[in-house]
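This report describes selected features of the model shown below. The headings mark the topics in turn.

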Amino acid sequence: MADLAENFADIAPPLTPDYALLEANKCLFCYDAPCTIACPTHIDVPAFIKKIATGNLRGSARVILEANPFGHSCARACPVEVLCEGACVLNGRDEQPIKIALLQRHATDYVLERKLKLFHVGKATGKKVAVVGAGPAGLACARDLRRWGHAVTVFEAKPQPGGLNTYGIAEYKLKADVALAEVQDILDLGVELKLGVTVDSLEPLLEKYDAVFVGVGLGKTKRLGIPGEDLDGVVDALTFIEHLKTHPYHETRVGKRVLVIGAGNTAIDAVTQAKRLGAEQSTIVYRRGEDDMPCYDYEYELAKRDGCSFRFHAAPKRVLGNGRVEGLEVETAQGHETIPCDMIIVAIGQGPRTDLAWPKDDPRVFVGGDCANGGAEIVNAAAEGVRAAKRIHDMLAVGGGNGR
Amino acid sequence: MADLRTDFAGISSPNPFWLASGPPTNTYGQVAKAFDAGWGGAVWKTIGDPIINVFSRYGSVDLGATRMMGFNNIELISDRPIADNLKEIAEVKRNYPKHAIIASLMVESKREAWHAIVKQTQDTGADGIELNFGCPHGMSERGMGSAVGQVPDYTCQIVEWVKEVATIPVIVKLTPNVTDVTYIARAAVQGGADALSLINTINSIVSVDLGSFAPAPSVGGKSSHGGYCGPAVKPIALHLVSAVAKDPQVTIPISGIGGISTWRDAAEFVALGAGSLQVCTAVMHYGFRIVEDLMDGLVNWMDERGHSSLADVRGRALPNVAKWEELDLNYHLLARIDQDKCIKCELCWTACEDGAHQAIRRLPRDNGGPVVEIIEEACVGCNLCALVCPVQGCITMEPVRNNLPPTSWKDYIAGKGKLAARSAQFHTADWASSRK
């Protein structure tokens with residue numbers, strides 16, 4: 001058990017105070033900083049880092065969370081290599097970029113651990129907004145709406161809020177308790193949360209509320225569309241990861257020889273976590289080549305470091321087995337081949353939501369997050385939620401005399 | 001290889017690096033270890049009637065994550081019996097005959113007291129005496145240290161008393177806590193001093209604890225102003241050394257002190273006239289071992305430049321320390337940005353725009369090309385952009401040719417010389433409105 005806990009320990013442990021001070025002082029404090037431009041929520045990165053350097057951690061966290069209500073989880077799960085850190089000017093001096101994510105974690109951990117309340121509820125406006133989906137988009141939207149005094153009710157189908165932050169981020173990046181603590185901070189602003197409620201139509205909500213924000217994420221993992229995919233031992237990646245994140249580690253079943261079909265970032269999350277759970281072999285099976293993999297380069301590197309294997313140019317044709325999965329037949333340039341396995345994880349992306357429709361032209365309906373952008377990062381969802389909150393606020397203020 | 005051997009006012013040492021009087025020179029054990037490490041000399045921690053020290057004695061100023069950019073202390077002179085100190089000085093001299101050993105002295109301002117301590121000190125075989133007229137804290141409240149060094153007449157008087165009995169060179173250590181250090185230097189010369197050393201520490205309060213509101217170093221919640229030193233004071237020391245070295249009435253050697261931490265610092269002090277160099281804070285930070293690079297770096301630099309001895313370097317920068325009114329008003333510079341080196345941090349832009357002459361233009365980042373460019377007609381060649389730029393050699397200051405002869409302010413107001421056309425100034429009304 002100890003080993004499993006170690007396998008799922010933070011992949012990027014927090015900075016010590018001394019390291020944080022050293023790193024913060026390395027920041028050049030650029031003007032019109034490329035890191036800030038690169039961040040979808042445009043966190044004023046040099047400003048928050050400067051505040052760490054001066055010992056103003058509370059102020060630092062305020063700068064981060066003002067721009068991004070999910071600053072805690074983004075510090076752990078953001079693809080910073082292609083965002084802020086990738087844009088750091090120190091790359092241009094052929095140096096390592098500033099450790100922006102870890103500094104962001106240093107500041108946000110400080111307020112989360114101390115339960116410091118940085119934001120406050122605005123004066124009640126009498127306006128009511130419904131938010132469908134308690135993921136990063138919906139809750140980011142809810143946070144700012146509460147700050148401006150609007151009543152917010154969030155409807156969530158799952159038993160816990162947080163969306164993929166709680167259920168879907170690789171365990172070694174972000175644990176559910178941290179995700180839930182971050183969510184609680186937002187709920188503490190007086191957000192009404194209705195869990196276990198599936199919304200299948202917006203009409204009743206539009207009757208009762210002044211505006212509706214839809215942040216319901218994507219639908220289920222797509223099906224392979226090949227024979228045998230319903231055999232026992234074939235599981236979709238999100239179900240696999242959700243089980244891992246909501247149960248003691250030893251309760252998630254993993255095969256000895258695991259195949260993960262797909263090569264996106266979720267596929268990497270699945271193949272690495274299967275390996276970390278104890279799979280002897282954990283292998284990506286991908287129909288195209290190494291250079292075509294949609295995952296980030298550093299995620300590919302992580303999977304290689306974890307000892308995962310890769311089969312490129314191998315298109316799945318049939319799942320073999322007698323009741324339970326025993327192998328995967330793939331088509332390669334050399335012909336058909338069977339790869340023996342005892343577990344297959346399907347990670348070929350999620351389809352759109354088919355269980356809820358929302359009008360595209362109703363000025364009182366706003367959309368954000370994966371269901372609007374087709375599937376992106378936490379930071380994109382947070383950015384869209386924050387932007388939607390502003391648009392909702394502007395709309396509600398019309399005739400209401402509640403301009404900022 | 002360059003020769004570092006030093007003769008300072010008749011005191012010889014294998015190299016110019018002496019430990020300054022202070023905590024590192026309190027005992028035989030320390031000084032012997034320092035000589036073994038390579039130090040050329042040591043000024044013993046000030047000897048006088050033993051004092052009682054407080055607990056918590058040092059405070060410091062960090063710069064970002066760098067420790068001890070500035071340092072201060074409220075420690076007094078030696079707390080050891082005079083006899084113990086003198087015995088150990090004699091022992092060091094016996095065991096390290098080629099090294100310079102100088103006794104720093106401070107006693108009450110009475111002729112007999114000074115005569116007695118000087119005679120006792122000479123019996124040890126010490127190479128010289130340094131009169132501590134500089135400590136700004138504690139001892140000054142008792143009429144010693146900087147209380148003497150701040151009054152030219154007192155300085156002169158005590159030097160005269162010392163010289164009545166001294167048979168070895170007498171160095172007078174000057175305090176920077178005066179309006180014009182040259183007056184004190186002249187008084188020491190008048191009293192018969194053989195050499196000067198400067199600077200002693202600067203009056204300071206290094207910080208206040210924002211929890212307890214106690215200044216540092218805190219002695220049970222209270223503190224006293226202390227002597228400031230370390231890298232932060234080097235520029236002040238360089239100026240005061242140069243001021244004394246340039247004074248026509250000061251003809252005796254000068255030992256440079258104040259923030260020397262590297263061979264570069266040392267070379268700069270020598271270039272401004274120092275004959276020997278004293279180091280304390282850097283040793284308190286990193287230990288005696290730093291002398292290795294002090295010597296190695298200095299020798300490598302001298303060899304590269306073809307200087308065979310310190311005498312070749314000494315005072316070489318002094319003629320270049322001029323009065324402002326002598327500077328050439330026709331020497332014009334223009335900042336140049338090497339766009340291939342630019343990393344697009346825009347620090348030059350924000351510094352120039354808000355802090356200087358608004359002579360840099362921003363260009364849109366999404367063009368993919370340069371993001372900053374110099375507005376040549378507005379640049380006054382002030383250096384600020386080059387100083388803030390984090391990339392070596394990216395921004396350079398290049399001379400702008402004009403065919404006019406050098407013309408100083410002195411020439412100009414005397415009606416001599418002609419001024420070259422100058423850059424537009426940000427504060428002219430036309431310029432300001434043209435930026436709209």
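## A helix pair in chain B

In this predicted model, helix α8 of chain B (residues 263-271) and helix α10 of chain B (residues 291-305) have axes that come within 8 Å and cross at roughly 60 degrees. Angles of 65 to 115 degrees count as roughly perpendicular and those under 35 degrees as roughly parallel; α8(B) and α10(B) are therefore oblique to each other. The crossing by which α8(B) passes α10(B) is right-handed.

On the side of α8(B), the contact is made by W263(B), A266(B) and A267(B), which meet D293(B), L294(B), G297(B), L298(B) and W301(B) of α10(B). By class, the residues of this contact between α8(B) and α10(B) comprise 6 nonpolar, 1 polar and 1 charged.

## A helix pair in chain A

In chain A, helix α14 (residues 265-277) packs with helix α15 (residues 297-305) at an angle of about 15 degrees, and the two axes are 10 Å apart. This angle makes α14(A) roughly parallel to α15(A), since angles under 35 degrees count as such. The handedness of the crossing between α14(A) and α15(A) is left-handed.

From α14(A), the residues N265(A), I268(A), V271(A) and T272(A) meet E299(A), Y300(A), L302(A) and A303(A) from α15(A). The contact of α14(A) with α15(A) is made up of 5 nonpolar, 2 polar and 1 charged residues.

## Architecture of chain A

Chain A contains 17 helices and 13 strands. Its radius of gyration is 22 Å, close to the 22 Å that the globule rule gives for 404 residues, so chain A is as compact as a globular protein of that length. The C-alpha trace of chain A spans about 70 × 55 × 40 Å along its principal axes.

The domain assignment divides chain A into domain 1 (10-113), domain 2 (128-219 + 352-397) and domain 3 (234-346). Between the C-alpha centres of domain 1 of chain A and domain 3 of chain A there is a separation of 33 Å.

## Contact between the chains

Where chains A and B touch, 12 residues of chain A are in contact with 11 residues of chain B. On the side of chain A that touches chain B, helix α2 of chain A (residues 17-26) gives the most, with 3 residues. The residues on that side of chain A fall into 8 nonpolar, 2 polar and 2 charged.

## Backbone exceptions in chain B

Most residues other than glycine have a negative phi, and most peptide bonds are trans. A cis peptide bond links L198(B) to I199(B), with omega about 10 degrees. I199(B) is placed in the loop between β10 (195-198) and β11 (202-204) of chain B.

Another cis peptide bond connects A216(B) and P217(B), where omega is about -5 degrees. P217(B) belongs to the loop between β11 and β12 (226-229) of chain B. At M68(B), a residue other than glycine, phi has a positive value near 55 degrees. The location of M68(B) is strand β6 of chain B (residues 66-73).

Notes:
Residues numbered from 1 in each chain as written. Chains lettered and ligands numbered in written order. Predicted model: local features only at pLDDT ≥ 70, side-chain atom pairs only at ≥ 80, totals over all residues. Domains from an automatic or database assignment. Axes fitted to C-alpha atoms, helices over the stretch in contact; angles between N-to-C directions. Helix = DSSP H or I, 4+ residues; strand = E, 2+ residues; numbered from the N terminus. Parallel < 35°, antiparallel > 145°, perpendicular 65-115°, else oblique. Left-handed = near helix turned anticlockwise from the far one by under 90°. Contact = placed C-beta atoms within 7 Å. Nonpolar A, V, L, I, M, F, W, Y, C, P; charged D, E, K, R; others polar. Rg over C-alpha atoms; globule rule 2.2 N^0.38 Å.
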